[in-house]
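The sequence and the structure come first, and the discussion follows.

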Amino acid sequence: MKFVRKNENTDRYVDNIFSVSQAAKADKEGINATAGCLYDEEGKLYTYKCVFDSEKEISAAQKAAYAASPAGNPDYIDLVSDFILESRVKNHHVAMATAGGTGGIYTAIATCLEQGDHIIYPAISWGNYKVIADENGLIPLTYDVYDLDDLFEKIDSVKEKVFLIVNSPCENPLGHAYTFEQWEKIIGKLNSLDKEVILLCDIAYIDYANGDPKAYFRLFDKINDNVLVLLAASCSKAFSYYGQRLGALVAINNDAEFLDHYLNLCSRCARATWSNLNNAGMVNVARVLKEHREEYFAELQAAKEMLKKRTALFVRQARECGLELYESADGFFVTIRMKDNASRDAFHQRLLNARIYTIKVNKGIRVALCSVPYRIVDGLAGKIKELY
Ligand SMILES: Cc1ncc(COP(=O)(O)O)c(C=O)c1O
C-alpha cells in the first residue's frame, strides 16, 4: 500500500465487539451480554459513587492542565503503585502512569520487542493482544491456559528473548486463574531459562477476583536476574473509569539501576505516543485512594459480590442444563466451549436471531455476565442451551 510503512497490516480493521454491542444496544428487548464493562442490576454502567462524588471537586484548571510529566503525576504513581502492590513486593520496582491497561501493554511491547520477535499469549484471549502484535510486526505464539506443559513448550520454542503475556486472574474471556502452585511452576520455569525473559502480567481485572489473587506477587522477590516482570493495571476496570484512559505499568527486577534506565525508556515511549495523560483523572484517582479509601473498598466489595452471584447462578444453571463452559474461577466473563469456529459462527448467529447478544472468541462464545443483571442471568443458560 502507498505511503504507509512496509508490513503494515492492511486488512480492514473490524472491531468484532463493537459491531455486535452496537446492535445489542439498539435492541432494547434483547439480552446484551457483549460489554466488557460492569453494569449494575438496573442495567446501567456501574459507577463508583465515591469516584464521581470526588470528581465534582476537581477544578476547571485541574481539568485543563497538562499532567506533571509523560510518566504521570507523582502522587498518582505512588498511590496507584501501592494500591497494586499492597507492599507485597520487596524486590526493586518502579512504576509509571499509562493510558489504560492497554497503554501499559503497548509500552511494555514497544520498549522490549522489535519486528520479527515472538510474543506468547493465551490462545483464547483478549483480541487486542493480536492487534498490538500485528502493529509491531511481531510473531504471535499462543498457548493453552489450562495446560502448563503446552505453555512451557511454547516458551522453549522461542530461541531469542521470551516475552510472555499472562492474563490471570479473571482471564478475558475464560475467567481462568492460575493457582499459587501453578504460579510457582511458571516462575520456576522462567528462572530456569538461559535467556532474557519478560513476563507481562495483564492484571486488568484482578480487583474483581475473590480469595487472595495477589498472593503470587511474593514470587517476584525470587526472580532471577534474567527476568523482568511487568504488571499492566487498568483504572478502567478497577474504578469503572473506562473513558478516562488511565492505568499503570509496574516494572520489577533485581537491578535497581536497570529499572531506573527502563523507566526512562518507558517515559520516552509515553512522550512519543500519548505525550501526556488525563490530569483530572489522575488527580481524582489519587484523591479517592487517599481520602475515600474505605468507601471505595466497600463499593468494590459490593461490585464483586454482585458479579459473583451472577456467575454462580449462570454456572450452576449451565451445569444443570448441560451447557458446556470452559472452566472458570472469577471475572467479568464466562465462555461457552465450541469444538471449532465454524460451529461457533452458526451458533452465534442463532443466538443473534434469538436476540441474545454475545461475543465470538476463538473456539468459544463469550457471555459477559458483567453486563447482565441477575434477574436476566436467571434462566439464560437454559435459553442458550436450547439454541445450541
Ligand atoms: C484482558 C484485558 N486487558 C487489558 C484491558 C485494558 O483495558 P483499558 O485499556 O481500558 O484499561 C482490557 C480491556 O477490556 C482487557 O480485557
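Predicted model: local features only at pLDDT ≥ 70, side-chain atom pairs only at ≥ 80, totals over all residues.

A residue is called buried if 20 or more other C-beta atoms lie within 10 Å of its own, exposed if 12 or fewer do, and partly exposed in between, with the C-beta atoms placed from the backbone. By that rule Arg-355, with 13 C-beta neighbours inside 10 Å, counts as partly exposed.

**Backbone features**

Arg-355 sits in the loop between helix H13 (341-353) and strand E10 (356-357), and its phi is near 65 degrees, a positive value in a residue other than glycine. Lys-363, placed in the loop between E11 and E12, likewise has a positive phi, near 55 degrees, and is not a glycine. Lys-363 is partly exposed, since 17 other C-beta atoms lie within 10 Å. As background, most residues other than glycine have a negative phi, and most peptide bonds are trans.

One joins Ser-168 and Pro-169, with omega about 0 degrees, and Pro-169 belongs to the loop between E5 and helix H8 (180-191). The other runs from Asn-172 to Pro-173, with omega near 15 degrees, and Pro-173 is also placed in the loop between E5 and H8.

**Surroundings of the ligand**

The ligand is surrounded by 13 residues, of which the closest are Gly-100, Gly-101, Thr-102, Ser-234 and Ser-236. Helix H5 (residues 100-112) gives the most to this shell, contributing 3 residues.

Which residues of helix H6 (residues 128-135) are buried? They are Tyr-129, Ile-132 and Ala-133. Because these residues cover an arc of only 100 degrees around the axis, they lie on the same side of H6. The cover over the buried residues of H6 includes H5, strand E3 (118-122), strand E4 (139-143) and strand E5 (162-166). Just after H6, Gly-137 takes a positive phi of about 65 degrees.

Of the strands in this cover, E3 has 5 of its 5 residues buried, so E3 is largely enclosed by the rest of the structure. E3 and E4 run parallel and are joined by 5 bridges, with Thr-142 in E4 as the bridge partner of Tyr-121.

The table sets out the C-alpha separations of two pairs, each of which includes a residue taken up below.

| Pair | Separation in sequence | C-alpha to C-alpha distance |
|---|---|---|
| Glu-299 and Arg-310 | 11 residues | 17 Å |
| Val-51 and Ser-240 | 189 residues | 8.8 Å |

Glu-299 is found in helix H12 (residues 293-321) and is partly exposed, with 19 other C-beta atoms within 10 Å. When its neighbours within four places in sequence are left aside, Glu-299 is in contact with Tyr-48, Lys-49 and Cys-50.

Is Val-51, which has 23 C-beta neighbours inside 10 Å, buried or exposed? Val-51 counts as buried, because the count of 23 meets the cut-off of 20 or more. Val-51 lies in helix H2 (residues 49-55), and, again leaving aside its neighbours within four places in sequence, Val-51 is in contact with Phe-239, Tyr-241, Asn-284 and Val-288.

How values were computed:
Residues numbered from 1 in each chain as written. Near = placed C-beta within 6 Å. Helix = DSSP H or I, 4+ residues; strand = E, 2+ residues; numbered from the N terminus. Arc of directions from axis to C-beta. Contact = placed C-beta atoms within 7 Å. Pairing = 2+ DSSP bridges.
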